[in-house]
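Biologist: I would like to learn how to read a model such as this one, feature by feature. Could you take me through it?

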Amino acid sequence: MKQKLSWGLTAVLAMAVIVAACGRQVTPNAPGLGAGGTPPGYLAIFFNVAGTLNFSNYQYMVVFNTSGNGVTPSTDTSQTNWAGYKDALIALGSGITSSAEYVQFISPKTGKGPPGWFSPHTTPQQLSYNGNANGSGTEFSMLVLRSILKPYASPSPSASPSNLWTFNAFTTAPGGSRGNWYFEDSLGRGGPTDPQFVSPTLCMTEPFDNTYTAYFTTSDPSDQIATLEIANNPVRPTACP
């Protein structure tokens with residue numbers, strides 16, 4: 001398992017001031033760190049492509065379905081009406097700079113159609129980003145406070161957040177408007193088309209550090225997903241039912 005640089009060096013401080021930065025380390029995890037060198041209460045993402053990250057032409061997304069209904073977000077959005085699209089962590093930018101954005105998807109009140117995008121303000125303590133996590137230009141990483149990842153609109157005011165999540169990763173080419181994009185790749189063996197990826201269920205109250213491999217080959221290595229690593233470190237680990 002890979003070790004993470006500044007997380008291991010700053011996580012003791014993060015326990016006090018909740019500050020963490022993405023990167024690599026070669027030293028053992030500091031006390032209190034969990035799976036993937038992640039501080040308690042945080043989720044870490046490591047997104048690798050086959051070539052060099054190209055933020056001029058592509059956006060890189062990890063979409064979570066936090067509803068607990070088990071649906072995997074897919075590229076078949078017209079058929080599924082964007083089922084499973086609840087929260088996303090997106091790396092985007094230009095050829096010079098890139099940044100991370102957290103997005104909550106809001107379903108239309110009536111009928112079908114693309115969801116609305118709501119981007120809550122996040123602080124560096126809630127979401128930190130490294131656009132070149134491995135020093136080779138092929139990987140970015142994010143460290144996110146897990147408690148901010150939740151559906152914008154709950155099915156009912158009294159509904160409890162689900163701890164059973166599903167997910168998918170996508171490379172997209174921006175379209176003409178926000179939320180209008182072209183799928184270039186996903187974790188599915190069909191890439192932007194079928195067959196789709198079927199997400200395992202993530203128990204968010206348990207620690208884990210899992211890596212998922214994509215198998216579709218695109219014409220441009222910069223939009224071809226290689227691997228996605230997700231590490232989770234709950235504050236108070238408990239087993240899911």
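Biologist: What percentage of the 241 residues of the protein count as buried?

Modeller: This is a predicted model, and in it 49% of the 241 residues count as buried, a residue being called buried when its relative accessible area is under 20%. Among contacts between residues at least 6 apart in sequence, 64% join residues at least 24 apart.

Biologist: How many helices and strands does the protein have?

Modeller: There are 2 helices and 12 strands, and along the sequence they follow the pattern α-β-β-α-β-β-β-β-β-β-β-β-β-β.

Biologist: In what order do the strands of the open sheet of 5 strands lie?

Modeller: The order is β6-β7-β1-β12-β11, with antiparallel pairing; β6 (127–130) and β11 (208–213) are the edge strands, each of which pairs on one side only. Neighbouring strands of this sheet are turned against each other by 10 degrees on average, if direction is ignored. Within the sheet, β1 (residues 42–49) and β7 (residues 139–145) run antiparallel and are joined by 7 bridges, and Ala-44 stands opposite Leu-143 in β7.

Biologist: Which residues line the second largest pocket?

Modeller: The general idea is that rolling a probe the size of a water molecule over the atoms shows where empty space is left. Here the second largest pocket holds about 160 Å³ of space, and its lining includes Gly-41, Leu-145, Arg-146, Ser-147, Met-204 and Thr-205, together with Asn-232, Asn-233, Pro-234, Val-235 and Arg-236. By class, that lining has 4 nonpolar, 5 polar and 2 charged residues.

Definitions and conventions. Residues numbered from 1 in each chain as written. Predicted model: local features only at pLDDT ≥ 70, side-chain atom pairs only at ≥ 80, totals over all residues. Heavy atoms only, no water. 1 Å grid on protein atoms, 1.4 Å probe; cavity = no way out; pocket = protein on both sides within 12 Å on 5 of 7 lines; lining within 4 Å. Points joined across faces, edges and corners; volume = space filled by probe spheres on them. Nonpolar A, V, L, I, M, F, W, Y, C, P; charged D, E, K, R; others polar. Pairing = 2+ DSSP bridges. Helix = DSSP H or I, 4+ residues; strand = E, 2+ residues; numbered from the N terminus. Axes fitted to C-alpha atoms, helices over the stretch in contact; angles between N-to-C directions. Buried < 20%, exposed > 50% of the residue type's maximum accessible area, 1.4 Å probe, protein only. Contact = heavy atoms within 4.5 Å.
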